[in-house]
Amino acid sequence: MCGIIGIVGKAPVAERLVESLKRLEYRGYDSAGVAGVVGGGVQRRRAKGKIKALEEVLAAEPLTATTGIGHTRWATHGAPNVANAHPHHAGRVTLVHNGIIENFAELKAELAAAGRTFESDTDTEVIAHLIDAELATGLAPIDAFKATLDRLTGAYALAVLIEGAENLVLGARRGSPLVVGEGQGEMFLGSDALAVGPFTNRVIYLDEGDYVALDHDSARIFDASGAAVTRPVRVVPTSAVMMEKGNYRHFMEKEIHDQPEGCQRTIAAYVDALTSKTAIPGDVDFAKLERIQIVACGTSYIAGVVGKYLIEQLADLPVDVEIASEFRYRQPALRPGALVVAMSQSGETADTLAALRYCKAKGMKSAVVVNATESTMAREVDVVWPIHCGPEIGVASTKAFTAQVSVLTAIAVAAAKARGTIDAAEEQRLVKVLLEAPRLIAEAIHLEGAIKEIAADVAKARDVLYLGRGPMSALALEGALKLKEISYIHAEGYAAGELKHGPIALVDDQTPIVILAPYDSWFEKSASNMSEVMARGGQVIFITDTLGVKHAPEGAKVVVTAPASDPLVSTLVMSAPIQLLAYHVAVLKGADVDQPRNLAKSVTVE
Ligand code: M6R
């Protein structure tokens with residue numbers, strides 16, 4: 001949600017704190033701030049809005065510290081203004097926080113009763129006061145920190161400076177990730193490996209409940225009980241911390257174009273190209289599985305819905321897909337014979353994590369389809385199914401979606417073979433189809449010129465309707481979500497068969513209606529829906545394929561022709577046109593494509 005960086009450095013750190021915050025800006029961009037130890041005291045610089053605003057503050061008032069912390073905020077408690085911007089300060093303590101302290105109101109009341117006053121509306125400030133109060137009793141910094149952590153309920157990743165402790169950064173994690181980076185005579189703390197990526201590739205992923213004291217040369221790590229522990233140092237591949245836009249204007253644009261490669265790498269990890277057989281990592285016996293329960297949020301949820309269509313149809317294996325924030329609070333009826341599959345790009349989404357833990361507590365075997373393989377979810381499940389699309393920085397998910405769908409497609413084929421609903425020859429045919437998908441995705445991306453022209457019209461619309469049947473009904477949801485989140489145009493995605501049951505009332509000659517209809521078993525029905533909306537003046541953007549275009553009813557305002565594909569991979573192929581449409585509409589509207597308002601890449605609060 002928020003981004004954190006801490007550096008115990010040999011040289012002034014302000015520039016590096018800012019460099020790291022720029023990498024973390026995708027996590028939140030309501031305000032930003034840094035603090036550093038200067039001459040035994042701690043100085044802060046903070047600004048409302050993006051890192052750029054903080055840079056201006058620093059230019060006017062430089063910070064010379066060689067030990068410092070930084071933060072980029074996605075507001076939870078308190079408006080996005082300077083007073084609520086991190087770092088927060090109380091007495092000898094200055095700190096930054098990612099997460100939510102659930103018992104902050106009672107802690108604040110207790111601290112206020114003891115005469116402490118507050119300068120912000122945040123939950124975070126109470127942590128600074130608590131540590132300061134513990135220091136005042138004579139405790140050493142690490143002990144005051146531990147005593148405070150024991151009083152906190154909720155989620156946190158923290159980086160803390162203490163006045164008088166020149167070369168010390170304290171850190172802790174519970175519910176929000178935190179990594180330590182090892183440098184040469186310098187140590188780093190960050191929300192993820194991307195944060196410390198410019199400075200080191202030697203990373204320690206802290207465990208849940210860990211806290212740490214960093215100085216120039218060491219990271220003393222303790223577990224939740226206070227026992228000193230060692231955690232392994234991992235060497236992170238450069239590709240995992242690369243964050244370059246190249247020649248693209250936005251990360252989202254780059255990530256759309258990255259998809260053929262991202263899907264190719266992902267598919268290669270789930271099939272054996274030589275034998276054309278599936279090769280699903282991990283120990284899951286699909287033949288014996290009674291049910292799959294998918295839990296996820298946002299675009300990951302939609303990928304799960306696509307997976308349900310494929311797995312049920314091919315493997316005759318029941319799949320339930322549910323939005324994690326609903327699932328976790330409704331006491332769903334679960335049985336141990338089912339496999340829970342969390343879908344998450346970040347592996348940190350709070351609701352998905354809670355739903356996953358709920359299922360595990362019920363005795364279910366667990367798996368996650370995830371991009372961040374060192375994330376909390378990846379560390380808690382029995383089976384990790386990584387997507388291999390590289391870091392996704394644009395807040396709007398694109399390449400993670402198609403990589404997630406690629407994994408579920410391979411799983412559908414593997415499960416079908418294991419359960420005997422397809423034979424070896426059909427498995428080989430389907431694997432070949434899947435291996436062809438990246439090429440077809442690349443061809444679909446070539447539709448960009450045509451999509452750009454359509455975008456000019458869509459950008460003028462107040463509402464847009466997306467319709468599809470079968471897996472395309474899921475893609476209709478995804479098309480609408482993409483448009484909403486980056487262009488702020490109201491959009492709805494519907495299963496086209498539902499049209500007559502309500503949404504058709506929205507249709508008028510001002511409403512673009514995007515119909516997703518590859519030439520599959522649902523095509524005729526989708527074509528009928530197209531006629532129905534055209535009869536009511538609807539402006540149809542018909543996205544079909546080279547086979548469907550020959551059978552489409554006359555009268556669509558625009559027809560977009562994607563390459564024809566087997567139904568197994570048509571969702572993958574049809575994704576690029578809807579992503580590109582949302583992207584170009586947002587660009588035309590001058591929206592902040594990579595950092596849309598009110599959103600953050602990783603939602604680690606419920
Ligand atoms: O990291 P996750 O996949 O768990 O994130 C889930 C959603 O927050 C995410 O997909 C969100 O909906 C995206 N902004 C959609 O583009």
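Predicted model: local features only at pLDDT ≥ 70, side-chain atom pairs only at ≥ 80, totals over all residues.
A disulfide is a covalent bond between the sulfur atoms of two cysteines. A search of the whole structure finds zero disulfides.

## Nonpolar cores

The largest nonpolar core holds 97 residues, and the members that touch the most others are Val341, Trp385, Val464, Tyr466, Leu483, Leu516 and Leu581. Helix H14, which spans residues 399-419, supplies the largest share of this core, with 13 residues. Domain 2 (256-440) and domain 3 (446-588) each contribute at least three residues to this core. Apart from it lies another core, of 31 residues, including Leu24, Val179, Leu194 and Val203.

Leu516, one of the members of the largest core that touch the most others, has a set of contacts beyond its neighbours within four places in sequence: Leu467, Gly468, Met472, Leu475, Ala476, Ile543, Met574 and Ile578.

## Surroundings of the ligand

The ligand is surrounded by 13 residues, of which Ser300, Ser344, Ser346, Thr349 and Glu485 are the closest. For Glu485, an N or O atom in the side chain lies 2.4 Å from an oxygen atom of the ligand.

Helix H1 (residues 14-24) is largely enclosed by the rest of the structure, because eight of its eleven residues are buried. The buried residues of H1 are Ala14, Arg16, Leu17, Val18, Ser20, Leu21, Arg23 and Leu24, and Leu24 is also among the members of the core of 31 residues.

Phe199 is located in the loop that runs between helix H6 (193-196) and strand E11 (202-205), and at 18% relative accessibility Phe199 counts as buried, the cut-off being under 20%. Leaving aside neighbours within four places in sequence, Phe199 is in contact with Ile5, Ile7, Arg16, Glu19, Ser20 and Phe188; of these, Arg16 and Ser20 are among the buried residues of H1. Between Phe199 and Ser218, which are 19 residues apart in sequence, the C-alpha to C-alpha distance is 16 Å.

## Thr511 in its loop

Thr511 belongs to the loop between strand E24 (490-495) and strand E25 (512-516), and counts as buried at 5% relative accessibility. The side chain of Thr511 makes a polar contact of 2.7 Å with the side chain of Asp508, while a polar atom of the Thr511 side chain also lies 3.3 Å from the backbone oxygen of Leu506.

When neighbours within four places in sequence are left aside, Thr511 is in contact with Asp463, Val464, Leu465, Leu506 and Gln539. Among these, Val464 is one of the residues of the largest nonpolar core that touch the most other members.

Methods
Residues numbered from 1 in each chain as written. Heavy atoms only, no water. Core = buried A, V, L, I, M, F, W, Y, C linked by side-chain atoms within 4.5 Å. Buried < 20%, exposed > 50% of the residue type's maximum accessible area, 1.4 Å probe, protein only. Helix = DSSP H or I, 4+ residues; strand = E, 2+ residues; numbered from the N terminus. Domains from an automatic or database assignment. Contact = heavy atoms within 4.5 Å. Disulfide = S-S within 2.5 Å. Near = heavy atom within 4 Å. Polar contact = N/O pair within 3.5 Å; in protein donor to acceptor, adjacent residues only side chain to side chain.
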